[in-house]
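Student: I would like to learn how to read the packing and the chain-to-chain contacts in a model of this kind. Could we go through them one feature at a time?

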Amino acid sequence: MISLILKRLVLGVLTLWLVATLVFWVSGALPGDAAQSILGQDATPETLAALRSQMGLDQPEIVRYWNWLKGILQGDFGVSLANGTPVNDVIASRLPNSLLLAGLSTLVAIPVSLILGIASAMKPNSVFDRLTTFLSILALSTPSFLIATIIVLVFSVWSGLFPALSNISRVETIGGLFRVMTLPVLALSLSVIGQMARMTRAILITQLQEPYVETAMLKGASRLRATVLHALPNVAGPIVNASALSLNALISGVVFVEVIFAYPGLTKLMVDSVSSRDLPLMQACAVIFCAGFLVLVLIADLIAILANPKLRTE
Amino acid sequence: METTSASVTERRRLRLPNWPLLSMIGAVIFLFWVFIAVFGDLLTPYEPGEFVDSWNVLGPMTADYWLGTDYLGRDVLSRIMTGAKYTVGLPFVTAALALLFGLILGVMATLLSKTVDTAMSWLMDTVNSLPSTIFALVAVAGFGTSIPVLIIVITILYIPSAYRNVRSAAINVSKMEFIDAARVRGEGNMHIIFREILPNIIPNLLTHFGIMFIYIALLLSGLSFLGLGIQPPEADWGALVSENMVGLSYGAPAIFAPALCLLSLTVSMTLMVDAVSHQKKDR
Amino acid sequence: MTEEHFIEVENLVIEAGGRKIVNDVSFKAKKGEVVALIGESGSGKSTIALSLMNYAREGCAITGGSIKVGGRDVRGLKGAALKDFRGKTVSYVAQSAAAAFNPVKRIKNQIVEAATLHKSMSRAEAFARQKELMHTMALPDADNIGDRYVHQVSGGQLQRMMAAMAMINTPEVMIFDEPTTALDVTTQVEVLKGFKDMIRERGVTAVYVSHDLGVVAQVADRILVLRDGEVMENAPAKDLLERPQSSFTQELLSASETRLLELQPEPEHDVVLEASGVLAGYGAIRNGMPQYPVLEDINFRIKKGQTLGLIGESGSGKSTLGRVLAGLLPAAKGQAKLNGRDLDLANAQHRRKQDRQDLQIVFQMADTALNPRQSNAEILGRPLKFYHGMTGEARRKRVLELLDMVRLPASLADRSPRELSGGQKQRVNLARALAANPSLVICDEVTSALDTVVANAVVELLVELQRELGLSYLFISHDLGKVEAMCNEVMVLYKGREVERAPRDRLTAAPEHAYTQQLVAAVPQLRQGWLEEVTAASAAGPQTYRAGQ
């Protein structure tokens with residue numbers, strides 16, 4: 001088992017390297033460089049050249065790639081083009097906000113979708129199941145920006161219950177935090193609950209056909225017990241993996257929720273940096289998101305290994 | 001049961017699919033949008049760029065302007081009809097391309113050596129582990145935004161999921177003994193892949209095409225919503241929602257009409273996917 | 001109390017999708033009696049047995065009749081009363097213990113669950129009883145074996161632990177649903193003996209579901225013969241076995257007896273296939289040895305019009321040999337000659353088209369051996385085009401001839417294999433091999449997925465075709481009866497090696513090797529008391545061979 005886990009870890013690190021490389025080359029593909037975009041069209045060739053050499057842009061691509069990678073390994077993402085501050089500082093002020101938003105939404109989404117998925121798998125084709133299926137299809141077919149927009153309209157514009165903009169930096173009390181976070185968290189979790197509940201249901205329904213579930217029922221176990229204590233541990237791996245994939249949707253969702261609620265998080269920063277072609281900042285954001293997602297997938301993998309006695313005892 | 005002379009396979013082709021009502025409704029809605037995507041430009045009641053009613057921006061639904069007017073006083077219905085070619089067409093094209101390349105790479109991985117297969121699978125897993133919106137943003141930053149760039153980037157992002165799907169379906173089929181039978185007969189790989197395996201995984205490919213279509217439609221409209229997808233003066237439905245956001249507080253139809261169209265498109269595809277995957281299971 | 005019936009089932013009706021899959025079934029059992037439900041697949045035997053626990057599988061519903069166990073109306077049980085009844089008053093031993101145990105939980109916890117669930121004893125008592133039952137079922141390392149997971153124990157052991165689980169609450173009624181079907185015959189004997197002793201000692205009333213009359217004859221006091229959900233005959237076991245009344249029972253009985261079919265005399269020369277020193281296995285091959293060798297030093301020859309039987313239990317390597325000869329698995333060592341030409345065993349890529357045409361293989365699972373996306377005509381037409389270049393009308397004509405050869409109507413040509421029954425599929429499967437005009441056909445367990453009557457018909461067809469076409473067969477099977485019926489000579493495999501080779505008449509009459517003797521002795525016979533004889537004999541015997549342990 002240890003060797004299996006080590007193998008996954010090594011593969012994870014290699015994958016992260018490949019991802020970082022892709023981010024670097026793809027984002028830097030367009031001709032016309034950062035110095036140009038800082039100084040604008042009417043810069044003289046001399047000032048341009050000076051800035052280039054100052055930023056290290058006159059070096060060959062491969063050298064810049066090497067320096068960039070070395071920087072990341074030392075935890076230094078370079079300097080933002082927009083205002084010349086270190087990328088690390090910019091990120092440090094924004095990342096906790098995004099983590100809070102994503103974390104709270106995950107805490108809401110996972111239990112809700114597990115319960116919905118389990119309950120509808122236990123009674124397939126019941127009224128509850130059909131309703132859940134209908135709502136899930138609706139939720140996963142709706143773009144996140146639309147969910148967020150509708151929520152703003154209903155809970156803020158029409159009813160005025162919550163603020164439409166979530167400026168978390170001005171929050172001081174727990175109550176204030178609740179007021180500000182409710183709508184973004186609601187929007188974000190809604191956009192993943194549909195997908196996760198549906199996957200949980202599908203995985204579990206197949207598993208409930210297994211003879212050992214019947215055995216448990218014939219021992220006198222209730223359907224709930226047979227489902228939760230017998231079938232569920234068998235599908236822990238697939239469900240965790242499916243959830244990790246849903247979190248991919250959650251990361252995409254964060255982008256829209258932060259933009260619509262003007263929430264001061266990292267993805268909002270990233271969207272702005274794409275528009276302004278602030279490459280070092282955008283590359284850093286992309287690497288952080290990809291790394292975060294890879295870590296989630298890795299955790300899911302480890303849970304799947306631990307949940308399977310065949311893999312655990314080998 | 002009693003059709004002894006008529007070929008069963010022919011009968012199967014001519015018959016309407018035996019789908020539940022809801023999925024048939026989905027199919028009708030989807031075909032309607034495909035029709036609009038193809039002919040929408042010719043059928044618009046107004047020029048899509050024309051300021052038909054500049055005095056009444058973000059106007060309500062009226063007899064003249066069925067879905068109201070937008071923030072510049074343009075006819076929303078006409079804008080939606082011309083936007084359909086992007087919102088319906090681009091996901092269709094990219095999902096098809098991703099499926100095609102996924103298929104080709106999947107076949108190649110099987111035919112070439114084990115090392116190529118492992119390396120390919122790793123590369124695919126890597127691309128698959130990129131959060132799609134984030135990476136689309138990176139690509140837009142790198143290549144700028146244009147329709148060819150969007151098509152290429154999204155195709156590349158979705159090839160791995162198609163590849164994985166093709167592979168796992170094909171591996172399940174290749175465990176069947178009729179594949180062994182073909183190998184013993186001395187059949188070449190081409191025969192085995194295209195005659196024995198492929199016909200058996202078509203339902204999987206169709207459902208996966210549908211699922212990718214939905215995700216890509218959501219992704220593209222999302223990019224446009226952020227202003228990083230289809231660029232003005234052209235607009236897809238995501239861009240239409242975004243450019244009319246100022247009308248949110250009055251609940252202007254200019255926001256909700258394109259949003260509901262998008263919703264009807266993705267829901268109709270989900271309903272069709274459901275029907276095909278149920279049929280697959282019943283077999 | 002003694003005359004009163006403990007189980008009373010009257011006019012039971014069970015429906016699935018509006019169709020009656022069990023129709024008007026009635027039977028009774030006294031306390032301590034064993035009633036067997038026997039029939040072919042689709043006869044409703046398992047469905048009836050499960051109804052005693054007021055349980056119907058998905059899509060089925062008990063719609064009529066009454067079920068009484070110990071005077072209680074089972075159909076009226078609901079909610080907590082039903083949960084209390086299941087697993088405590090009536091318990092269930094499933095067909096495949098490997099699937100019926102939860103793979104992610106320790107076995108002992110699953111056994112104990114039945115007791116703690118009903119609060120019939122404390123946890124500590126339950127674990128103590130679990131150990132005791134493991135001893136009763138004669139399991140190795142009985143004190144600790146419960147700590148294991150499903151993938152760590154053998155099929156025979158699991159089946160006995162399944163019985164231990166069913167016994168933990170000392171139920172009044174036990175249901176055995178084909179509990180030995182998945183086991184090898186030599187294992188079956190021990191497990192069966194364990195079940196029978198347990199039933200007798202504890203005075204349990206039992207319902208025993210099986211398709212195998214030989215097994216049923218050993219355990220049952222009364223036998224119900226079922227067909228398409230209806231009772232064909234219901235009689236005390238002894239009467240039913242000796243004086244069957246219904247024609248269907250007679251048919252079943254005669255089908256389970258081995259009838260030696262008339263075979264072709266051995267020709268002087270005409271060797272079709274000759275193999276020597278075959279060694280094969282799985283994993284990387286180093287210094288001519290595979291990492292996991294499965295077969296070692298196999299030598300044989302098959303002459304024209306003759307059948308060599310290959311018998312062995314799971315893990316004996318018999319199917320591996322079939323796959324090596326067919327070119328699906330490369331051999332590490334060994335030579336073979338097919339019709340006088342060298343046949344490459346190490347690399348199937350080097351085989352000539354003629355070799356492939358001469359040697360065909362028919363697989364066990366007709367279900368997965370036919371491509372469901374092709375019509376039968378397409379399936380049969382492909383080898384005709386591939387080997388003989390036939391197209392158009394000529395090919396169509398030959399397809400119909402082939403169907404006729406395997407006794408199938410021409411109307412099936414344009415059907416999909418999905419529309420055929422199991423026996424029909426196996427015939428199409430055989431016809432595909434015949435399409436090549438082979439001289440040798442490898443039959444890999446071709447009858448084991450079929451009901452007895454259907455399987456016998458397939459064996460008869462094979463022998464007829466042999467006579468008509470001069471075919472040779474390598475007939476791989478675990479079923480001694482089938483091998484005896486149709487093979488001129490039989491090779492017995494044990495753990496990848498040949499232990500004995502004999503003409504069919506000597507094999508059962510005077511087996512020489514101890515393993516063969518054990519194998520022959522383990523085949524259930526259609527008379528009561530056989531089980532006691534064979535277990536007494538094996539207790540006296542010097543050596544036991546275990547397969548698949």
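Tutor: Contact here means heavy atoms within 4.5 Å. By that rule, 44 residues of chain A are in contact with 41 residues of chain B. This is a predicted model, in which local features need pLDDT of at least 70 and side-chain atom pairs count only at pLDDT 80 or more, whereas totals for chains, interfaces and linings use all residues. Residues are numbered from 1 along each chain as its sequence is written, chains are lettered from A in the order in which they are written, and side-chain values use heavy atoms, with hydrogens and water left out.

Student: What area is buried between chain A and chain B?

Tutor: The size of an interface is often given as the accessible area lost when the parts come together. With a 1.4 Å probe and the loss summed over both parts, the area buried between chain A and chain B is about 3,800 Å², and carbon and sulfur atoms give 81% of that. In chain A, the residues that lose the most area to chain B are Val26(A), Ser141(A) and Phe145(A), together 14% of what that side buries.

Student: How many salt bridges does the rule find across the interface of chain A and chain B?

Tutor: A salt bridge requires a side-chain nitrogen of Lys or Arg within 4 Å of a carboxyl oxygen of Asp or Glu. Across this interface the rule finds one. A salt bridge joins the side chains of Arg198(A) and Asp274(B), at 2.7 Å from N to O.

Student: Which residues of α1(A) meet α4(A)?

Tutor: Trp17(A), Ala20(A), Thr21(A), Phe24(A) and Trp25(A) in α1(A) meet residues of α4(A) including Tyr65(A), Trp68(A) and Leu69(A).

Notes. Helices (H or I, at least four residues) and strands (E, at least two) are DSSP runs, numbered from the N terminus. Buried area is the accessible area (1.4 Å probe) that two parts lose on being put together, summed over both.
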